[in-house]
Amino acid sequence: MKSFRDRNRDNRPRQPAKSGPGQLPRGIGTSPANRQDQKPAPRPLARREGPLPAERLPLILEVPPNAEYALLDSGAGEKLERYGPYRIVRPEGQAIWQRALPAKEWERADAIFTGDTDEEGIGRWRFPKTPLGETWPMKHDGIDYLGRFTSFRHVGVFPEQASHWDHMAGLIAAARRPIKVLNLFGYTGLASLVAARAGAEVTHVDASKKAIGWARENQEMAGLSDKPIRWIVEDAVKFAEREERRGSRYDIVLFDPPAYGRGPKGEVWQLFEDLPGLADLCRSILTPKPIAVVLTAYSIRASFFAIHALMRDTFAGMGGTVESGELIIREKSAGRALSTSLFSRWVA
C-alpha cells in the first residue's frame, strides 16, 4: 500500500515471491536467504474502555472511469484497463463473469501481464505492439506522476484509492490548522502527495528503498518538491513503535498493510496475527485532537465486518464514527463493479 508487497489483488492465495533485483513484491523487503525469520514479541493488548464509536456500513466507495484511468472491461479472470494512453491486461481472479467487450477490443492491448519471467526475472510483461519503457506520465486530479510496469504486475498506482485521497484532502482543508499525516506502507506516494498539496506535513514510510525512490521521483514530477514530506525507508511497525516512544504524534494515519510481508531486516508480518497490534499502535500515536485513521486491506479472505469490529474496538472511548466497506472500480463496458479491497476508517 511495504517494501513492495505482493498485494495479490485477486484475493487468491499465493506463495511469497522471491526477493531479488526487480522482483520485490510490494511490502516484502529484501533479506539474505540464510536469515532466520524475525518475529518480535507481540504488542500487549487490552480491550479499550468506553463506548464504541458510531458506525456507518456498508460504505461502498466507487471510482468511475475518467480521463486518466478506466476499467474498460473484465471477465474470465482478467481485467482490461486504460492507464493514460495505454491499454493494459492483467489477471483479476474476482472477475468470474464473462467479458462484455469483443475479443478485438482486448487484442488492442499495449501491455499484457503474463506471469512469465525471462532469465533476468523481468519478463512478465508482453508488448504486442511496440515495446514500451518502464514508465509513462500519468495524472491524478492535477498531480503528475509516473505509471510503471513492474515485474510483479502492478503499475505504480492503485486508482481505487482515489476515494480515500479525496476524503483525506477534504479533512485536511476543513481542519484550518496545521495537520500532520503519517502514511505507513506508502509505496509510490500518491496519498502523500495529495496530503501535502492539501497543506499537511507528511511522513511517508515504506520498507523498500526502491519504492521511496519512485515516490521522490513522483514528488519532483508533480512540482511538489517544496512541500514538507519526510521519506523514510523503514519497517512500518518498527517506525511507528519508535514514534510512540519519542512522543511523535499525528492527526491522520493511513495504513495499508500486506496480507504477508517481510521487512528490510527480515521482520515477518502476518495480517491476522499482527493487525490488531498495529491498529492499537496507530491509536497511540494520534494527537489529542486527531482527525482520522484509515485502514485498507487487500488480498485477504475475510469480511469487512472483521476489520470494522477491530477498528471500533480499537477506538472505543474516542467518539467519532467508524465507516467500513469496500473500494470498487466501476467498469466502463457493462457497468459492473469490481471489488478491489476492504477498508475501515475512524473519523473523529
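Which residue lies over the face of Y250? That would be K180, at 5.2 Å from the ring centre. Before I go on, a reminder that this is a predicted model.

There's another charge-over-ring case here: the charged end of R99 sits over the ring of W106, 3.7 Å from its centre.

Okay, on to rings with rings. Searching the whole structure turns up 12 aromatic pairs. Take W136 and F149, a tilted pair with 4.5 Å centre to centre and 40 degrees between the planes. W136 is in strand β8, while F149 is in the loop between β9 and α2, so you've got distant parts of the chain linked, 13 residues apart. W136 counts as buried, because its relative accessibility is 2%, and F149 is buried too, at 8%. These two also belong to a cluster that ring pairs build from Y86, F113, W125, F127, W136 and F149.

Next up, F158 and Y298. Tilted again: 6.2 Å between centres and 45 degrees between planes. F158 sits in the loop between β9 and α2, Y298 in the loop between β16 and α7, so this pair ties together parts 140 residues apart in sequence. F158 is buried, with a relative accessible area of 6%, and Y298 is buried at 2%.

The axes of α5, residues 236-246, and α6, residues 271-284, come within 10 Å and cross at roughly 35 degrees. The crossing is left-handed. From α5, V237, A240, E241 and E244 make the contact, and from α6 it's L278, L281 and S284. By class, that's 4 nonpolar, 1 polar and 2 charged residues.

Methods. Residues numbered from 1 in each chain as written. Predicted model: local features only at pLDDT ≥ 70, side-chain atom pairs only at ≥ 80, totals over all residues. Heavy atoms only, no water. Axes fitted to C-alpha atoms, helices over the stretch in contact; angles between N-to-C directions. Helix = DSSP H or I, 4+ residues; strand = E, 2+ residues; numbered from the N terminus. Left-handed = near helix turned anticlockwise from the far one by under 90°. Contact = heavy atoms within 4.5 Å. Nonpolar A, V, L, I, M, F, W, Y, C, P; charged D, E, K, R; others polar. Phe/Tyr/Trp six-rings, centres within 6.5 Å; stacked < 30°, edge-to-face > 60°. Buried < 20%, exposed > 50% of the residue type's maximum accessible area, 1.4 Å probe, protein only. Lys NZ or Arg CZ within 6 Å of the ring centre and 35° of its normal.
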